[in-house]
Amino acid sequence: MSPLTHEQSVSEAELTGAAAALLADGFRLALVAAHDDGDSLRVVYLFLAGRPDRRTELTLTVPAEQLKVPTLAELSFPASRFEREMMDLYGITPVGHPQPRRLVRHAHWPQNWHPMRTDAGRPPEFAAAGRFPFLNVEGAGVYEIPVGPVHAGLIEPGHFRFSVVGESVLRLKARLWFVHRGIERLFHDRPAGAAVDLAERISGDTSAGHALAHALAVEDALGVELPDEVHRLRTLLVELERLYNHVADMGALANDVGFGLANAHAQRVREQLLRINAQVTGHRLLRGAICPGGVALQALPDPVRLQELADDVAEIAELTLGNSVIYDRFATTSVLSRQDAEALGTLGYVARASGIVTDARLDHPTTELPIHEVGETAGDVLARYTVRRDEFVASVALCRRLIGEHRGPIEAGVELPATTRAVSGVGIAEGWRGSIVHRVEIGAEGTFTRAKIVDPSWFNWPALPMSMTDTIVPDFPLTNKSFNLSYAGNDL
């Protein structure tokens, strides 16, 4: 673990007070990772704060014959969800949790099978699916609309249950975890330098972001320090990923209110950006360029071409928001207040659209960068659109500066050192959806013994139903696209 991270072992009696003190000091709970050590289990709580970069881990050890921890749910909503995930995957009970129902495991999962335990073995026969305990909203004129988990097109599976009166939404419940792949378990026993291909596939549209967080975690664990130019080239790749995703979202938002022309132009720009990605890395989704210990580009992007595409995007946004019908559909729709956004722990453009200042590039920097911070305060669909628009402009400016200031080779790397003891490390990257956090543990043999991954979608999914309260059912597709969260990144 790097000197940046302060490690503290706590007892059950000390955990709540230590966590409360950190939260009061401006930290956020970024990750909770359980570890099966055989005769005991460890639970690591990672707290982060930025400007300056601060990292604290609280570690609680619990005996295997008494798997329980004090709940932190009253202190932190994200903690309540991490605890439910841990209960499902490891069988650790959060004592005092207000809603200790399943989160990851669906009703057909065997009751006492916890797949992340070392002795879990192959999955037993799954039972017939039971009922999920949805809260029923009752009253005159109230009815339910179930949507999914199977959707039209290429969207991943998710079930949404609307309780409505007429078209007005009283409550929306999202049920996810239909695509659980056991990603974290797949890291186990892989060599420390040979798992980035798996990290790139955690959430396909965030290949560079997850590769960077993974590489930083491995380097942190092994004590590897890289030249500043390597970090700047990696930043360039993550910014290229931000560009093609943001413009795609801008087009899709316009398309959801019937403005197909803007979407057609946005898709044209996205395709041009994907071709640039292929020229830069050999892969349209930027895979294969970032790895623990280095970075490898095939070419630098043409800064003039990037600026031309930025000018196109500015025109697309002007055409979109200049249409009064579209503007009215975006404005005041599905508002996420700053208070709710903070309570839920939201990240990325969702948080920035609700007035929260957050950006891992500044909170947990790997190099000094001229980051132009973008934000809105309204917290509605319009704010989430304009944050994307303004971030596109800022990202192109950053890319052009990184390209113009680069000197030397565009491929660099160091050999990862061997380790003779168990080590751990944390990697933090600002992906296009928000802050990505990876925590890894590497054994004395040089292979992973644990990898914990948190995509920003984990924090942002609960905000979607919150924003839909008191809206209308036809606004759901528009609202959903304004968040554009990853199902796969949430469900590992």
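In this predicted model, N245 touches D205 and W432, leaving aside residues up to four places away in sequence.

- Helix 6 is mostly covered, with 25 of its 29 residues buried.
- At 1.5 Å a residue, the 29 residues of helix 6 should span 42 Å, and the end C-alpha atoms are 42 Å apart, so the two values agree.

**Nonpolar cores**
- The largest nonpolar core has 77 residues, and those with the most contacts inside it are F187, L273, L306, F330 and I442.
- F187 touches A195, L198, A199, H214, F448, A451 and I453, when residues up to four places away in sequence are not counted.
- Apart from this core lies another, of 74 residues, which includes F27, Y45, Y90 and A341.
- In soluble globular proteins, nonpolar side chains tend to be buried together.

- Strand 13 (residues 423–430) is largely enclosed by the rest of the structure, because eight of its eight residues are buried.
- In a regular strand the side chains alternate between the two faces of the sheet.
- From strand 13, V423, G425, G427 and A429 point one way, while S424, V426, I428 and E430 point the other way, and all are buried.
- Strand 13 pairs with strand 14 (residues 435–442) in the antiparallel sense, over eight bridges.
- The bridge partner of E430 in strand 14 is S435.
- Four residues lie between the strands of this hairpin, in which G434 takes a positive phi near 145°.

- UniProt, in an unreviewed entry, places the feature "domain: NADH:ubiquinone oxidoreductase 30kDa subunit" at residues 19–120.
- The span of residues 19–120 is 20% helix and 34% strand, and its end C-alpha atoms lie 30 Å apart.
- Helix 2 (residues 77–90) has 14 residues, which at 1.5 Å a residue should span 20 Å; its end C-alpha atoms are 20 Å apart, which agrees.
- Helix 2 is mostly covered, as 13 of its 14 residues are buried.
- At the start of helix 2, a side-chain oxygen of S76 comes to within 3.1 Å of the backbone nitrogen of A79.
- Just after helix 2, G91 takes a positive phi of about 80°.

**L398 in helix 13**
- L398 is found in helix 13 (residues 381–405) and is buried, with a relative accessible area of 5%.
- L398 touches T235, E239, R361, L369, P370 and I371, with residues up to four places away in sequence not counted.
- L398 and N136 are 262 residues apart in sequence, and their C-alpha atoms are 49 Å apart in space.

Notes
Residues are numbered from 1 along each chain as its sequence is written. This is a predicted model: local features need pLDDT of at least 70, side-chain atom pairs count only at pLDDT 80 or more; totals for chains, interfaces and linings use all residues. Side-chain values use heavy atoms; hydrogens and water are left out. A nonpolar core is a set of buried Ala, Val, Leu, Ile, Met, Phe, Trp, Tyr and Cys residues joined through side-chain atoms within 4.5 Å. Buried means under 20% relative accessible area, exposed over 50%, partly exposed in between (1.4 Å probe, protein chains only). Contact means heavy atoms within 4.5 Å. Helices (H or I, at least four residues) and strands (E, at least two) are DSSP runs, numbered from the N terminus. Two strands pair if DSSP finds at least two bridges between them. UniProt positions are given in the numbering used here, feature names are shortened, and annotations may be inferred rather than shown by experiment. The expected span of a helix is 1.5 Å times one less than its number of residues. A polar contact is a pair of N or O atoms within 3.5 Å; within protein, one must be able to donate a hydrogen and the other to accept it, and residues adjacent in sequence count only if both atoms are side-chain atoms.
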